[in-house]
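Q: Can you walk me through this one? I'd like to go through the packing and the charge pairs.

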Amino acid sequence: MSDHLPPPPPPATDLWDSIDDLCGWLDANRPVDGREGLLLRIIKLSEEVGEVAEAVIGATGQNPRKGTTHTWDDVRSELCDVAVTALIALRTLTPDAREVFTDHLARVTHRSLGD
């Protein structure tokens, strides 16, 4: 008998398949259910946005007491965390997250760029 864990399954290659997988994993492991759990998942966005701000401050050395504590790679990573967290929150609100997001992006694109 081996003490080694089996390798994790390969990640989904489609963005929305990955979001579905992550949402399912979070649903199976959440300590709070119901409306409160839903609200906490949405509030998680504020935490992630705060981490972006912290990384920008750290990358620019704007805190003279701490100096430069982050890199622009850290900022990019935190921005990705915000995007993933937002998509998971959207998926938590609706099983049709892919369509909701696609339709919304089309409206924003049309409003901004026109035909």
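Q: Leaving aside its neighbours within four places in sequence, what is Val82 in contact with?
A: Val82 is in contact with Leu45, Glu48, Val49 and Val52. Contact means heavy atoms within 4.5 Å. A word on the source: this is a predicted model, where local features need pLDDT of at least 70, side-chain atom pairs count only at pLDDT 80 or more, and totals for chains, interfaces and linings use all residues. Residues are numbered from 1 along each chain as its sequence is written, and side-chain values use heavy atoms, with hydrogens and water left out.

Q: Where does Val82 lie?
A: In helix H3, residues 72–93. Helices are DSSP runs of H or I with at least four residues, numbered from the N terminus.

Q: Is Val82 buried or exposed?
A: Val82 is buried, because its relative accessible area is 18%. Buried means under 20% relative accessible area, exposed means over 50%, and partly exposed is in between, with a 1.4 Å probe and protein chains only.

Q: How many Å apart in space are Val82 and His110?
A: They are 24 Å apart, C-alpha to C-alpha. In sequence the two are 28 residues apart.

Q: Which residue does Glu48 form a salt bridge with?
A: With Lys44, and their closest N and O atoms are 3.2 Å apart. A salt bridge here is a side-chain nitrogen of Lys or Arg within 4 Å of a carboxyl oxygen of Asp or Glu. Both residues lie in helix H2, four residues apart, about one turn of the helix.

Q: What about Lys44 and Glu47, how many Å apart are their closest N and O atoms?
A: 2.8 Å, and that pair is a salt bridge too. Lys44 and Glu47 both lie in H2 (residues 34–60), three residues apart. Lys44 is partly exposed at 32%. Glu47 also counts as partly exposed, at 40% relative accessibility.

Q: How many salt bridges does the count come to?
A: Nine, by this rule.

Q: Which residue does Asp14 form a salt bridge with?
A: Arg98, with the closest N and O atoms 3.1 Å apart. This pair links distant parts of the chain. Asp14 is in the segment before H1, Arg98 is in helix H4 (residues 97–113), and they are 84 residues apart. Asp14 counts as partly exposed at 28% relative accessibility. Arg98 is partly exposed as well, with a relative accessible area of 34%.

Q: OK, helix packing now. At what angle do H2 and H3 pack?
A: About 170°, with their axes 9 Å apart. Axes are lines fitted to C-alpha atoms, for helices over the stretch in contact, and angles run from 0 to 180 degrees between N-to-C directions. H2 and H3 are therefore roughly antiparallel to each other. Angles under 35 degrees count as roughly parallel, over 145 as roughly antiparallel, 65 to 115 as roughly perpendicular and the rest as oblique.

Q: What does that contact have by class?
A: The contact of H2 with H3 has 16 nonpolar, three polar and seven charged residues. Ala, Val, Leu, Ile, Met, Phe, Trp, Tyr, Cys and Pro count as nonpolar, Asp, Glu, Lys and Arg as charged, and the others, Gly among them, as polar.

Q: And H1 with H3, at what angle do the axes cross?
A: Roughly 70°, and the axes come within 9 Å. That makes H1 (residues 15–28) roughly perpendicular to H3. Residues making the contact include Trp16, Ile19 and Leu22 of H1 and Val84, Leu87 and Ile88 of H3. By class there are 10 nonpolar, one polar and two charged.

Q: Which residues make up the largest nonpolar core?
A: Trp16, Ile19, Leu87, Ile88 and Ala97, five residues in all. H1 and H3 each supply at least two residues of this core. A nonpolar core is a set of buried Ala, Val, Leu, Ile, Met, Phe, Trp, Tyr and Cys residues joined through side-chain atoms within 4.5 Å.

Q: Last pair: how do the axes of H3 and H4 cross?
A: At roughly 120°, coming within 8 Å. That makes H3 oblique to H4. Leu87, Leu90 and Arg91 of H3 meet Ala97, Val100 and Phe101 of H4.
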